[in-house]
Amino acid sequence: MKYWTETIAIARRILTELLRRKRSLIFWAIFPIAVLILNGLIFAERSKTALPEPLTLGQALQRAAPATLVGAALFFSCLGGSVATVVSEREQHTLKRLFLSPLSGVSYFLGIGLAHSAIAVGQTLLVGLTAYGLGARFQGSIGLAAIVILLSILSYVGVGFILGTQLARRTEDVNTLVAAFGVPLLILGGAFVPAFIFPKVLLDLAQYNPIFHMNEALTKIVDEGNGLAEIGAHFWFLVVFAIAMIAAGWLSYRRMLQVERRL
Amino acid sequence: MTMLHLDRVSKAYGKRPVLQDLSLSVAAGEIYGLLGPNGAGKTTTLNILCNLLKADRGTIRINDQPVSERTKLLIGVAPQETLIYRYLTCQENLQFFANLYGLRGRSLPSRLQTCLAAVGLSDRATSLAETLSGGMQRRLSLAIALIHQPKLLILDEPTTGLDLEARFEMWELIRQLQRDGITILLTTHLLDEAERLCDRIGLLKQGQLIAAGSLAELRQLIPAQEIVLVQTTQEEQAIARATELNYPHHRYGNDLAFWLPAPLELKEILAQFDGIPLDSIARQPVRLEHIYLEVMRSG
């Protein structure tokens, strides 16, 4: 009960602060929708020359939605958001105040994860409903798609903790970190440019990029209606990666606690 | 009854000792001031009390319990920095920390109101913390420290950075908390603040408690009952005259100070310094700053 109450308190605080900053909230909504529509338009246009039968806008959005979700939306909200939360607590020193209370480290970790999962669910609905409203019709197992999205969220939150506790000390560092690590990974993951047009060397490299596997797994489920058997390689890569990142995030967080636990 | 007891507590960072056999007791209901220059060990002491650091040696008991995660429930801490969430309202800040202390249910709203009222922020309950003045933010920080009804309140530099009016308000608030039965341990660099608020004062230097007691007890540590401050162009003559009279002399900034073993009338002092041109002369009772400077110099 103690852990539950504390986890909910942490998550509610993060979400309340986010809701209070309405402008940020609006930007967080505009960003994935803009990327979705741009990606959809590009897909639709390219299909006129690349495919025997061109895609309708709905079909193009159906193909663009997974990459938009895991690449543009979840990456920035879960990874960028986790980094920003940890860094802002350290920068404003509110972390010290938390240490003075009986709050457990587990609850704090889970609370941040829960808050960003809630944001991610909101973005999933936003991207999904926008695409649906413009004609996309998703296929495949909703449960399997939800698991892939959950694994993506856990991976991003874990990496967010690693970066936020070990590499970023100030809010300004968040942007440079995301730009340095994130944007190349997003491009190599097929978030903005479809992976099938990559040269072979980049495609080989992409096999080591978790975003590529998130993107491929989700696209194969919702656009092509594939099941676990067809996406197995991507799925298990993601499972291992998510577990590894949560473990590494937890260890990084514990290390930060040892350093920051001072008045 | 003793609320806080430290017995021969030592702590070192590497080979550098920070606390050396520190022993002190704070009685229930009193305000105890811990004073000392930067690096004296005040913050390390607070970190140990809050279970954020482990002492290398010695015992610490709060309300007769050894320091642990459980004693965090007995302590309320208002840190020197105003550590609040700026995008939450006063009430939301309090509710958040109340939840962390396990407070919930029907009694919670009234507890929030009581805390806000105690620090005079009832009418700002729904204001965002970032819109509060510095003094109000400090009071909100104090309310957070009080939310779980602690037995021992630790105030780290409670008025540093506040304007005079806010400082007076905070002092009155601290006195009111004492009247409500809360034991208070405060650290401050403001000797005036310690003198006004504290029942007892401990002076810390290089990790050791070099003097402790009430202001009256501390006054016994220096051989003076009154301080006379003079400004003169003939300082050497004035010092020579004071030496003849067995008045120790000290320098406080630009002022030359003589320690009088007993209070004298102004005309008697002027008579003693007859023939020496004095630009100004002022009598002062012995204050904590005089004791502090002397004890730190010689201790």
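Which helices of chain A each supply at least two residues of the lining of the largest pocket? I will come back to that in a moment, after a word on conventions. What we have here is a predicted model, in which local features need pLDDT of at least 70, side-chain atom pairs count only at pLDDT 80 or more, and totals for chains, interfaces and linings use all residues. Residues are numbered from 1 along each chain as its sequence is written, chains are lettered from A and ligands numbered from 1 in the order in which they are written, and side-chain values use heavy atoms, with hydrogens and water left out.

To the opening question, then: the helices are α1, α2 (22–50), α3 (57–91), α5 (105–133) and α7 (171–188) of chain A, where helices (H or I, at least four residues) and strands (E, at least two) are DSSP runs numbered from the N terminus. A pocket here is an open set of points on a 1 Å grid over the protein atoms alone, with protein on both sides within 12 Å along at least five of seven lines, and lining residues have an atom within 4 Å of a point; a cavity is a set of points where a 1.4 Å probe fits but cannot get out. The largest pocket holds about 940 Å³ of space, a volume being the space filled by probe spheres set on the points, which are joined across faces, edges and corners. It has 31 lining residues, and those closest to its centre are R21(A), W28(A), G80(A), G81(A) and A84(A), while α3(A) gives the largest share of the lining, nine residues.

The second largest pocket, at about 560 Å³, is lined by 22 residues, with L69(A), T124(A), I142(A), A145(A) and I149(A) nearest its centre. Here α5(A) gives the most, seven residues, and the lining divides into 17 nonpolar, five polar and no charged residues; Ala, Val, Leu, Ile, Met, Phe, Trp, Tyr, Cys and Pro count as nonpolar, Asp, Glu, Lys and Arg as charged, and the others, Gly among them, as polar.

Let me turn to the interface. The contact, meaning heavy atoms within 4.5 Å, takes 26 residues from chain A and 33 residues from chain B. The two chains bury about 2800 Å² between them, 60% of it on carbon and sulfur atoms, buried area being the accessible area (1.4 Å probe) that two parts lose on being put together, summed over both.

Side chains of opposite charge can pair when their charged atoms come close. With a salt bridge taken as a side-chain nitrogen of Lys or Arg within 4 Å of a carboxyl oxygen of Asp or Glu, the rule finds one across this interface, formed by R20(A) and E92(B), whose closest N and O atoms are 2.5 Å apart. On the chain A side, the elements that give two or more residues are α1 (2–20) and α4 (94–100), and α1(A) makes the largest share, nine residues.

Finally, the cavities: a search of the whole structure finds three of 30 Å³ or more. The largest, about 60 Å³ in volume, is lined by residues of both chains, among them R97(A), L100(A), F97(B) and Y101(B). The second largest cavity, about 50 Å³, has a lining that includes A78(B), R138(B), D156(B) and M170(B).
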